[in-house]
Amino acid sequence: MTQQVKFYQTGTFTVGNRLLSPEERTVQASINRNNSLNSGHRACQGCGEALGARYAVDAAMRATGGRLVAANATGCLEVFSTPYPESSWQLPWLHSLFGNAAAVGTGIAAALQVKAQKAGKAQSDIRVIAQGGDGGTTDIGFGCLSGMFERNDDVLYICYDNEGYMNTGVQRSSATPPAARTGTTQALGEAPGAPFGQGKNVPLIAMAHQIPYVATATVADLRDLETKVEKAMTIRGARYLHIFVPCPLGWGSASRDTIKIARLARETGIFPVFEAENGAVTDVTRIRHRVPVEAYLRPQKRFAHLFGDPGHPETVARIQAGADRNIKRFGLLDAAEPGLEPLGRLDGSPRP
Amino acid sequence: MMKQIEGSEAVAEAVALCRPEVICAYPISPQTHIVEGIGALVKSGALSPCAFINVESEFAAMSVAIGSSATGARTYTATASQGLLLMAEAVYNASGLGLPIVMTVANRAIGAPINIWNDHSDSMSQRDSGWLQLFAESNQEALDIHIQAFKLAEELSMPIMVCMDGFILTHAYERVAMPSQEEVDAFLPPYEPRQVLDPDEPVSIGAMVGPEAFMEVRYLAHAKQTMALERIPEIAAEFEAAFGRKAGGLVRRYRTEDAETIVVALGSVVGTLEEAIDAMRDRDVKIGLLSIRSFRPFPLTAVREALQHAKRVVVLEKAFSVGLGGVVSTDVRLALSGIQLHGYTVVAGLGGRSITKDSLERMLADAVQDKLEPLTFLDLDWGIVNRQLAREASIRKSGPIAENLLRDLGTVQAKAP
Amino acid sequence: MLQIRIHGRGGQGVVTAAELLSVAAFEQGRHAQAFPSFGSERTGAPVVAFCRIDERPIRLREPILAPDVLLVQDPTLLHQVDVFQGLRSDGYVLINSHRSLGDLGIGELTDRFDKARLITVPATAIALQYLGRPMPNAVMLGGFAALTGFLSIDAVAHAITGKFTGEVAMRNIEGAREAYALVNERLSHRGEIPA
């Protein structure tokens, strides 16, 4: 199967563009990158989470000069990165439990702070990230996450969202989108796949805590992701980064399509990419070429039951309506199409 | 310095003297006064530098403690009952990772039915977790054991529970000798971690261990507790040399030398037992007491040595294994393997029911004449038990048990207990 | 060993009273143990607190079933709760009331006790006068010192300064001293007037 490859002009911010000045190149483009998640781990081919974790942690390592400690929840990332007796982590790393990564991060940060005070410093130069998948973040880890936010503990929490409990064999989490097939939301009966519920938008919930920084990103836009990590590291206090990471195995997509599917998630409006500070959206990544959700859904077998004869066109339409709502809510289009005019700001104040 | 203060306050001050660096706590009766006391010391600056974190659940408390201890900070928390259960996953995680967290368990019953009063079910429920478990008989001992606990935990790199009876000790005003900061500093050096999250020497902690090595890791925890059997008496001796009084150790014998009957017990009930034993000794009954201070590791040899010459052993416990009987008595029986004697389990004080000297004397009088059942529930109201059983036998929709019993007891009268 | 049982309602400082007694005893070089009948915090509900005082370390850890001294901070409990249960026949009773013993209607309940050791004191009124609040606990302890002589009023006063500060401590002490004087006066009058 061929893919179209586009060649970009020099001077653009293409990943790996050697013609950019060194400061403008991505961390990943540098041979001196930390490679925090070293090769040899056991992730599936095309794993979005492995990609996202390497991108994010390397960026954090550069931003902190390598002064970084990571707490990791149980899940795919933890399992494939530390297969007994090996570890692919190149930074101090602690795995405790499934639901407590945020609290463990809080504890690490507190200890570092006291140690720094004992050394006569106002604050520690060693920073903390806590990371986990959607299961460990939106479900079982939700209480600890909220506690960390509420106390404004100095931790950057990174959620790698592949929309399900993948490590245990693909089961539904509160991040699983409507109609998706998982082991516990089978493609059977009148409403195959996951039900249409309220969803749990953790980035918005993080914003409701009014923490200093919240951002979403995908593995399709490395530069954007790195910039957000580095920005987060300039801020002290509770920060949250939600990264969209396709899972070829769980989603039934081709392993070579991981980045493409992430891009489609952005371009359909299914996954809004934005930044927020202290409870208000400060920037959004506009959709460059809007595509209907079908382009995003078709390459994933977890949505296969929506297509075919007769398929579930009404469900596809509902999913499209959800994407449209995101476009309006976040103002994701430069020039709003009729019916997709942006709503007020997400903190309730009107757009200028 | 001698003080007349509440047990919780004594523990708070003693813990503060140990210079903890991170304290995380979630409130639950009857531990609240301890964390409030320490919190005040941190807020006022008396205990500094120290991070005092108000967490959102007990599960969060132990998780924060895990992160903190892994980063090399001396870490403390406290809980009881439901809180200990809620953090159970993290309790096992802490001992599996070998993190020397010190935790006070203000012993309290576990619901349902909800009950805030003292018994030992909470810490007993975690006896297999790998945590060291020490029991205090009095508030003086509670404060002394906390100081020993930090030393023991950090030497072995294992977490430790200091168990003190909720309300009976935590909320009682008693005379205590509070050590000075200099004395504690001389006894307890700064924490030197065996493993630590440090960017200068990165390590991965908490990775999966497969069948190839899991048994070895678990065995090592057991090996450490076996080492603790040696260290606990040694540290108690070091403590006595430094502070001038006895506290801790594995067991304590009281009038057991020529005793034909020996009562075994843990915690504050030991005081009331001594009074009962003295009264019976005055009537020439050859009876003595063995107080178990270290429950994990369980001092099999010390218990055997203390009990082996007795004719009968009565284990008086505030714990209960539904479907079997005693918890402590099961461990005691193991210590007595191969020795023929009469063994009795007396379950008492569950859910905070008072254990009185008179009641103990009556029960022990029966024991001495071998008139006790192998398993006895002290002061159980058989009337209301049988009424409920009859009720359930006669009708399917018999209603909630606890509410039925309370109705049978009559209007709850506010009479003197 | 001296065993004191204090009855009152939540919010009346019953537990504090027991603690203050234990501190006063401690400051006189004795061993003392004070503890409440434990329960969830609830204003207005009947509460009981206990204090044991002894020359030797106290090992007993049961509620006080046979008190030597009874302090009743709230007279509405007299007909609701069996406050006299277990009181020794030569025990002391101090009841917070502006009424006299005879007017309280507890004649039958107190028949078996030594009338010379039973007395009332208007602790709430004294508290209102000195503290401006109906908090009778410290005042009652002044009465206790006079009635039993087991602790000096100075020891009680000193214990109060350990628990309270400034104005509050001072006023509590004044209230306690007032009750001490009042009870002493009543007791001495009893000696002069035939029963």
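How many cavities of 30 Å³ or more does the count come to by this rule? The count comes to one such cavity, in what is a predicted model. A cavity here is a set of points, on a 1 Å grid over the protein atoms alone, where a 1.4 Å probe fits but cannot get out. Grid points are joined across faces, edges and corners, and a volume is the space filled by probe spheres set on the points. In this predicted model, local features need pLDDT of at least 70 and side-chain atom pairs count only at pLDDT 80 or more, while totals for chains, interfaces and linings use all residues; side-chain values use heavy atoms, with hydrogens and water left out. Residues are numbered from 1 along each chain as its sequence is written, and chains are lettered from A and ligands numbered from 1 in the order in which they are written.

The largest cavity holds about 30 Å³ of space. Its lining (residues with an atom within 4 Å of a point) is made up of Leu134(B), Gln148(B), Ala149(B), Leu152(B), Ile232(B) and Ile235(B). Two elements of chain B, helix H7 (139-156) and helix H9 (214-243), each give two or more residues to this lining. H7(B) contributes the most, with three residues. Helices (H or I, at least four residues) and strands (E, at least two) are DSSP runs, numbered from the N terminus. By residue type, the lining has five nonpolar residues, one polar and no charged; Ala, Val, Leu, Ile, Met, Phe, Trp, Tyr, Cys and Pro count as nonpolar, Asp, Glu, Lys and Arg as charged, and the others, Gly among them, as polar.

Attention now turns to the chains and domains. Two pairs of chains are in contact (heavy atoms within 4.5 Å), and chains A and B share the most contacts. Chain A and chain C do not touch, and their nearest C-alpha atoms are 27 Å apart. Chain B is divided into domain 1 (2-243), domain 2 (251-377) and domain 3 (381-417), with bounds that come from an automatic or database domain assignment. Taken over C-alpha atoms, the centres of domain 2 and domain 3 of chain B are separated by 30 Å.

The largest nonpolar core has 95 residues, of which Tyr157(A), Tyr240(A), Met62(B), Ile66(B), Met103(B), Leu307(B) and Val332(B) touch the most other members. Helix H3 (residues 101-118) of chain A gives the most to this core, with 10 residues. At least three residues of the core come from each of domain 1 (2-243) and domain 2 (251-377) of chain B. Another core, of 59 residues, lies apart from it and includes Ala59(A), Leu77(A), Val245(A) and Ala323(A). Such a core is a set of buried Ala, Val, Leu, Ile, Met, Phe, Trp, Tyr and Cys residues joined through side-chain atoms within 4.5 Å. Buried means under 20% relative accessible area, exposed over 50%, and partly exposed in between (1.4 Å probe, protein chains only). Beyond its neighbours within four places in sequence, Val332(B) contacts Val264(B), Ile292(B), Phe298(B), Val303(B), Leu307(B), Val313(B) and Val315(B).

Leu94(A) sits in strand E2 (residues 93-95) of chain A, and counts as buried because its relative accessibility is 0%. With neighbours within four places in sequence left aside, Leu94(A) contacts Ala70(A), Ala71(A), Asn72(A) and Val104(A), together with Ile66(B), Gly67(B), Ala70(B), Leu97(B), Leu197(B) and Ile205(B). His171(B) lies in the loop between strand E7 (160-165) and strand E8 (173-177) of chain B; its relative accessibility is 10%, so His171(B) counts as buried. Not counting residues up to four places away in sequence, His171(B) touches Glu6(B), Ser8(B), Pro30(B) and His33(B), as well as Ala34(C), Phe35(C), Pro36(C) and Phe38(C).

The backbone also deserves a look. Most residues other than glycine have a negative phi, and most peptide bonds are trans. Pro30(B) lies in the loop between strand E2 (22-25) and helix H2 (32-43) of chain B. A cis bond also joins Tyr84(A) and Pro85(A), with omega about 0°. Ala179(A) is not a glycine, yet has a positive phi of about 75°; at 1% relative accessibility, Ala179(A) counts as buried. Ser157(B), in the loop between H7 and E7 of chain B, has a positive phi of about 60° although it is not a glycine.

Note on methods
1 Å grid on protein atoms, 1.4 Å probe; cavity = no way out; pocket = protein on both sides within 12 Å on 5 of 7 lines; lining within 4 Å.
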